[in-house]
Amino acid sequence: MAGVGEEKPLRKIAAAFDPLADVANSGGAAMEVAPFSRACAHVSVLFGCLGIAFKFAEKDYVSKVDDLIEASKSISTLKNMIELDIQHGCVRQGGSHTRNLLRVLRGLDMVRVLFEEIIKSDGNSLREAASVSYAKVFAPHHGWAIRKAVGAGMYALPSKSQLLKRLNEDDSSAKVEMQSFIRTSRPVIQYIEELFNSRQLGIDW
Ligand code: 1PZ
């Protein structure tokens, strides 16, 4: 499969989440929809490196990120975006910005756990790391058919060294960027979960 040319996607992802973490850690600043959704768009490059088996996950994730990018043209902050959906009574409606935000958030959490598991693992297989992160983050929210399809896709994953090659990284450079994302995505995820919880919307749906 083709790689990503000379690009360094892990670096781009890490760089995009840095300023978002600053906002999340500032204890008062409001996170804007535009930089958040742009940062999430960088993450979709990873799907291309994971192979054809995750095409359906990529489509779903990208369509939701695109919806947030579209929303950012008329809505400034994530908080306002959620407030508008509350006012319109459409928070949990399929395709709502708030619902899409929660799905995208889970995608980020999945990548965060995946990176943790990849760093922990010492073999050349991604299957264990991918299975663990999927089981922790998405499986409780997916029905039987999707879980089955993802389980089958796990057998078609590239090896860890193939993935790193496609990302133009080696073991140690990838580790640095993955650790950076693990560090910065955590407060960003917590910040957004808090937006949901402070309005009693729950995050378990
Ligand atoms: C090595 C890593 C393996 C990656 C495994 C990723 C597995 C994700 C499987 C997602 C299947 C998506 C099928 C569609 C699911 C939708 O029903 C739900 C609910 O959407 P709604 O009803 O609100 O429209 N969508 C989701 O749960 C979001 C799925 C996003 C997947 C992002 C994964 C990010 C992981 C990236 C790893 C590179």
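User: Hi! How many nonpolar, polar and charged residues are in the lining of the largest pocket?

Analyst: That lining has 23 nonpolar, six polar and five charged residues. Ala, Val, Leu, Ile, Met, Phe, Trp, Tyr, Cys and Pro count as nonpolar, Asp, Glu, Lys and Arg as charged, and the others, Gly among them, as polar. This is a predicted model, where local features need pLDDT of at least 70 and side-chain atom pairs pLDDT 80 or more, while totals for chains, interfaces and linings use all residues. Residues are numbered from 1 along each chain as its sequence is written, and side-chain values use heavy atoms, with hydrogens and water left out.

User: Thanks. What volume does the largest pocket have, and which residues are closest to its centre?

Analyst: The largest pocket holds about 750 Å³ of space. It has 34 lining residues, and Phe47, Ala57, Tyr134, Phe138 and His142 are the closest to the centre. A pocket here is an open set of points on a 1 Å grid over the protein atoms alone, where a 1.4 Å probe fits, with protein on both sides within 12 Å along at least five of seven lines; lining residues have an atom within 4 Å of a point.

User: Which helix gives the most to that lining?

Analyst: H6 does, with 10 residues. Helices are DSSP runs (H or I, at least four residues), numbered from the N terminus.

User: And where is the ligand?

Analyst: The ligand takes up the space of that largest pocket. Its shell comes from helix H3 (45-50), helix H4 (55-71), helix H6 (97-120), helix H7 (127-137) and helix H8 (144-153), counting elements that give two or more residues. H6 gives the most here too, with six residues.

User: Which residues are closest to the ligand?

Analyst: Asp60, Lys64, Arg99, Arg103 and His142 are the closest of the 22 residues around the ligand. The shell has 16 nonpolar, two polar and four charged residues.

User: What are the distances to Asp60, Lys64 and His142?

Analyst: A ligand nitrogen is 2.8 Å from an N or O atom in the Asp60 side chain. Ligand oxygens lie 2.9 Å from such an atom of the Lys64 side chain and 2.8 Å from one in the side chain of His142.

User: Changing topic: what does the second largest pocket look like in volume and lining?

Analyst: About 170 Å³ of space lies in the second largest pocket. Its lining includes Leu102, Arg106, Asp109, Lys136, Glu193 and Asp204. H6 gives the most to this lining, with four residues. By class, the lining of the second largest pocket has five nonpolar, one polar and five charged residues.

Terms used. A residue is near a molecule or strand if one of its heavy atoms lies within 4 Å of it. A polar contact is a pair of N or O atoms within 3.5 Å; within protein, one must be able to donate a hydrogen and the other to accept it, and residues adjacent in sequence count only if both atoms are side-chain atoms. A molecule sits in a cavity or pocket if more than half of its atoms lie within 2 Å of its grid points. Grid points are joined across faces, edges and corners, and a volume is the space filled by probe spheres set on the points.
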